[in-house]
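Colleague: I'm new to this one. Can you put it up and walk me through a few spots?

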Amino acid sequence: MTTTTPEQAKTPAPPPAGGNGRKRMRIDLSQYGILAALVVIVLLFQVLTGGRLLYPGNVSNLIQQNAYVLILAIGMVMVIIAGHIDLSVGSVVATVGAIAALAMNNWGMPWWAAVILSLLVGALIGAWQGFWVAFVGIPAFIVTLAGMLVFRGVALILLTGGTISGLPRPFNAIGNGTLPATGTPDLLTLGIGALASVALVVQQLKARSDLRKLDLPRERTASFVFKNAVAVAAIMYLCYLLAFNRGTPIILIILAALVLAYSFLLNRTVFGRHIYAMGGNLNAAMMSGVKTRWVNFMVFVNMGFLAGLAAVVSTARAGGAVASAGGGFELDAIAAVFIGGASVQGGVGTVVGAVIGGLVMGVLNQGLSILSVDAAWQQVIKGLVLLLAVAVGFARRGRGAR
């Protein structure tokens with residue numbers, strides 16, 4: 001039997017070999033894989049298009065044209081993390097867009113009231129579907145498949161007269177407008193970029209300080225500095241390009257607010273932790289006291305709310321409502337989430353990853369369109385990218401399990 005002398009007990013344990021005693025976090029390079037893929041795709045199309053991809057006008061169009069995908073992806077990633085799927089969001093967008101247009105043109109509502117009504121209707125639709133999933137126990141695939149058919153039919157009923165156009169200019173500005181420019185370059189846009197960069201660095205430093213106070217592993221200083229330097233450079237370059245166009249798109253401000261709010265919701269609240277717990281192991285979550293029914297219900301209410309917001313944005317962007325609106329939106333959102341690193345089994349995914357996945361899809365669309373690639377081949381390429389992203393995710397998780 002081994003004994004310990006009083007002198008040995010007083011001697012502190014030596015630090016790990018090759019280090020200074022501080023806990024270091026192993027950097028999972030796969031976390032940055034999708035971001036690296038986005039950078040590679042941007043550089044590739046920048047070369048293939050002769051520099052046209054990053055023209056200021058094209059960058060602004062990229063943000064405005066893909067805003068609906070990014071908004072839906074933020075809601076869809078929460079649905080998928082919880083272990084569900086939502087196939088109805090495209091039809092919900094069509095229905096809510098029709099209601100918004102009718103409210104302004106036929107019912108005499110001001111544009112801001114129509115926006116509020118759209119968000120409420122979207123949330124009610126989400127509550128309707130969440131009820132069947134959470135409290136009746138019907139699988140979300142079946143419920144939302146039925147919703148896809150029901151709400152597409154409702155959109156056709158509401159828009160029997162065809163397209164509703166001639167919407168108020170302030171409403172259209174949600175999808176097409178920019179903040180008032182101060183000149184060329186737009187100093188307001190550059191100022192917004194500077195503020196966003198400072199806020200990002202402060203938030204990252206605070207998170208690192210919290211880890212240090214709790215004596216938890218943290219990223220190496222070199223990689224931490226490099227990561228934040230790249231992020232700040234990307235933000236400022238984006239704002240530089242926008243400053244030479246028309247200024248900051250209004251929808252970019254909305255998207256930034258959504259990313260911040262939902263990242264906080266998933267990472268820093270009890271509700272967010274419950275979503276991850278349910279997706280990771282539903283039985284364990286139930287035994288831990290998680291009110292799984294209410295969490296599932298609220299996840300679908302939130303998805304409906306964001307589908308209503310996406311309807312407002314897409315209708316404003318198009319300048320009118322049509323019954324065919326939203327076609328394929330659900331597939332774009334689901335693809336963005338899986339490209340962004342979410343797991344098919346649930347329990348894994350991030351808001352930022354989903355947004356980056358949506359940007360990958362958007363850059364592919366933009367670049368292929370500039371190159372005049374046939375629409376059929378664009379679908380083939382996007383499908384292969386989705387399959388490759390999911391396959392890489394499976395391989396990575398397989399190595400982790402082993």
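**Helix α15 and the cores**

Modeller: The buried residues of helix α15 are Phe 329, Glu 330, Asp 332, Ala 333, Ile 334, Ala 335, Ala 336, Val 337, Phe 338 and Ile 339. Buried means under 20% relative accessible area, exposed over 50% and partly exposed in between, with a 1.4 Å probe and protein chains only. This is a predicted model, where local features need pLDDT of at least 70, side-chain atom pairs count only at pLDDT 80 or more, and totals for chains, interfaces and linings use all residues. Residues are numbered from 1 along each chain as its sequence is written, and side-chain values use heavy atoms, with hydrogens and water left out.

Colleague: How many residues of α15 are buried?

Modeller: 10 of the 11, in a helix spanning residues 329-339. Helices are DSSP runs (H or I, at least four residues), numbered from the N terminus.

Colleague: Which residues touch the most other members of the largest nonpolar core?

Modeller: Ile 71, Leu 72, Met 76, Phe 171, Ile 275, Leu 306 and Val 337, out of 79. Such a core is a set of buried Ala, Val, Leu, Ile, Met, Phe, Trp, Tyr and Cys residues joined through side-chain atoms within 4.5 Å. Helix α4 (residues 67-81) gives the largest share of this core, 14 residues.

Colleague: New topic. Is Asn 172 buried or exposed?

Modeller: Asn 172 is buried, because its relative accessible area is 17%. Asn 172 sits in helix α8 (residues 169-176).

Colleague: What does the side chain of Asn 172 reach?

Modeller: The backbone oxygen of Leu 167, at 3.3 Å from the side chain of Asn 172.

Technical notes: Helices (H or I, at least four residues) and strands (E, at least two) are DSSP runs, numbered from the N terminus. A polar contact is a pair of N or O atoms within 3.5 Å; within protein, one must be able to donate a hydrogen and the other to accept it, and residues adjacent in sequence count only if both atoms are side-chain atoms.
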